[in-house]
Amino acid sequence: MTALMVAAARAIETHRHDALARDVYAEHFVHAAPASAGWPVRMQQVPDGDANPLWGRFARYFGLRTRVLDDFLLRSVHTGSARQVVLLGAGLDSRAFRLDWPPGCVIFEIDREGVLAFKHKVLNRLSATPKAARVPIPIDLRADWAGALADAGFDTAAPSVWLAEGLLFYLPPAAETYLIDTVDRLSAGGSALAFEVKLEKDLLEYRDSPLYTSTKHQLGIDLLNLFDREPRPDSAGDLASQGWSTSVRTPFDFTRHHGRGPLPEQNDALAGNRWVFADKPRR
Ligand SMILES: C[S@@+](CC[C@H](N)C(=O)[O-])C[C@H]1O[C@@H](n2cnc3c(N)ncnc32)[C@H](O)[C@@H]1O
């Protein structure tokens with residue numbers, strides 16, 4: 001359901017005249033699932049338009065996040081030598097189909113079986129063709145996903161680019177730490193990683209934020225119940241202590257950079273969101 005919600009947000013962003021990112025597949029996912037078939041896929045279908053906290057500001061947030069992480073991935077593969085890309089908790093991410101990858105790129109997509117099966121059904125019906133080699137890995141991230149990745153052809157001796165978008169706050173702290181440690185272990189020098197975290201103090205402090213309440217009332221998705229409530233690990237700090245260079249940014253930094261996107265407001269569920277970018281130096 002959360003993957004569908006992000007897909008609906010990307011569909012709405014796609015149809016904006018000043019879209020930050022375009023994903024022509026997103027609306028097909030939304031229409032194909034009975035649970036989301038009635039959700040809007042363009043702003044004209046939202047009666048209160050941009051004033052709607054979910055389909056206005058929150059959807060724009062996902063549009064901005066998509067753009068920033070598109071840019072991160074493309075910059076990483078076009079300026080470095082990494083040709084392996086791993087999307088952790090890939091959900092309905094269609095980057096393998098919509099971004100211009102350099103020759104030789106392989107995109108590994110890890111998510112649970114049901115999510116990837118639904119994604120394939122929709123993309124097959126559209127006869128969508130990936131723009132890079134694409135390797136779906138249906139596995140739960142609490143299982144031995146590193147083994148599954150190796151079996152699928154991932155090469156630890158070559159640099160890689162990793163993305164955990166909209167994922168880590170659903171995982172227990174030990175699972176997040178294991179995931180980050182595993183990415184470090186599997187990453188050769190010259191690898192890059194981007195991920196999103198939420199500062200824990202904000203979770204319940206902003207429980208009445210319009211973003212949370214509108215998501216619950218309009219979609220029946222209670223994000224605060226899905227997020228793990230235990231104290232969060234300092235994954236950026238852990239990577240830095242392993243020698244990675246890291247930069248921690250707020251979404252609002254990028255809103256200012258692009259001249260559009262969400263800005264800070266009172267009682268804001270986005271106040272604790274951070275986007276972390278990390279590079280592993282070559283030895
Ligand atoms: C909010 S969606 C984000 C999807 C995608 N990264 C995006 O931004 O569009 C979260 C995704 O994480 C996946 N996920 C959550 N917990 C997982 C787990 N334990 N193992 C594998 N995937 C998981 C869900 O199935 C879902 O597709």
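Predicted model: local features only at pLDDT ≥ 70, side-chain atom pairs only at ≥ 80, totals over all residues.

Biologist: What makes H1 a mostly covered helix?

Modeller: A residue is called buried if 20 or more other C-beta atoms lie within 10 Å of its own, and 12 of the 13 residues of H1 are buried. Among them are Leu-4, Met-5, Val-6, Arg-10 and Glu-13.

Biologist: How do you know that the length of H1 is close to the expected one?

Modeller: The expected span is 1.5 Å times one less than the number of residues. H1 has 13 residues and reaches 18 Å from its first C-alpha to its last, which is close to the 18 Å expected. For helix H5, residues 113–125, there are likewise 13 residues and a reach of 18 Å, close to the 18 Å expected.

Biologist: Why is H1 called roughly perpendicular to H3?

Modeller: H1 and helix H3, residues 53–79, pack at an angle of about 85 degrees, with their axes 8 Å apart. Angles of 65 to 115 degrees count as roughly perpendicular, and therefore H1 is roughly perpendicular to H3. On the side of H1 the contact is made by Val-6, Ala-9, Arg-10, Ile-12 and Glu-13, while H3 brings residues including Trp-55, Phe-58 and Phe-62. The residues of this contact divide into seven nonpolar, two polar and three charged.

Biologist: And why are H3 and H12 described as roughly perpendicular?

Modeller: The axes of H3 and helix H12, residues 251–258, come within 10 Å and cross at roughly 80 degrees. Since 65 to 115 degrees is the range for the term, H3 and H12 are therefore roughly perpendicular to each other. Tyr-61, Leu-64, Arg-65 and Val-68 of H3 make the contact with Pro-251, Phe-254, Thr-255 and His-258 of H12.

Biologist: Why does Ala-33 count as partly exposed?

Modeller: Buried needs 20 or more neighbours and exposed needs 12 or fewer, with partly exposed in between; Ala-33 has 16 C-beta neighbours inside 10 Å, so Ala-33 counts as partly exposed. Ala-33 is found in the loop between helix H2 and H3, and, not counting residues up to four places away in sequence, Ala-33 touches Leu-4 and Phe-118.

Biologist: Is Ser-127 buried or exposed, and how do you know?

Modeller: Exposed is the word for 12 or fewer neighbours, and Ser-127 has 6 other C-beta atoms within 10 Å, so Ser-127 is exposed. Ser-127 lies in the loop between H5 and strand E3.

Biologist: What makes the phi of Ser-127 worth a remark?

Modeller: Most residues other than glycine have a negative phi. The phi of Ser-127, however, is near 50 degrees, a positive value in a residue other than glycine. Asn-267 also has a positive phi, of about 50 degrees, although Asn-267 is not a glycine.

Conventions:
Residues numbered from 1 in each chain as written. Axes fitted to C-alpha atoms, helices over the stretch in contact; angles between N-to-C directions. Helix = DSSP H or I, 4+ residues; strand = E, 2+ residues; numbered from the N terminus. Parallel < 35°, antiparallel > 145°, perpendicular 65-115°, else oblique. Contact = placed C-beta atoms within 7 Å. Nonpolar A, V, L, I, M, F, W, Y, C, P; charged D, E, K, R; others polar.
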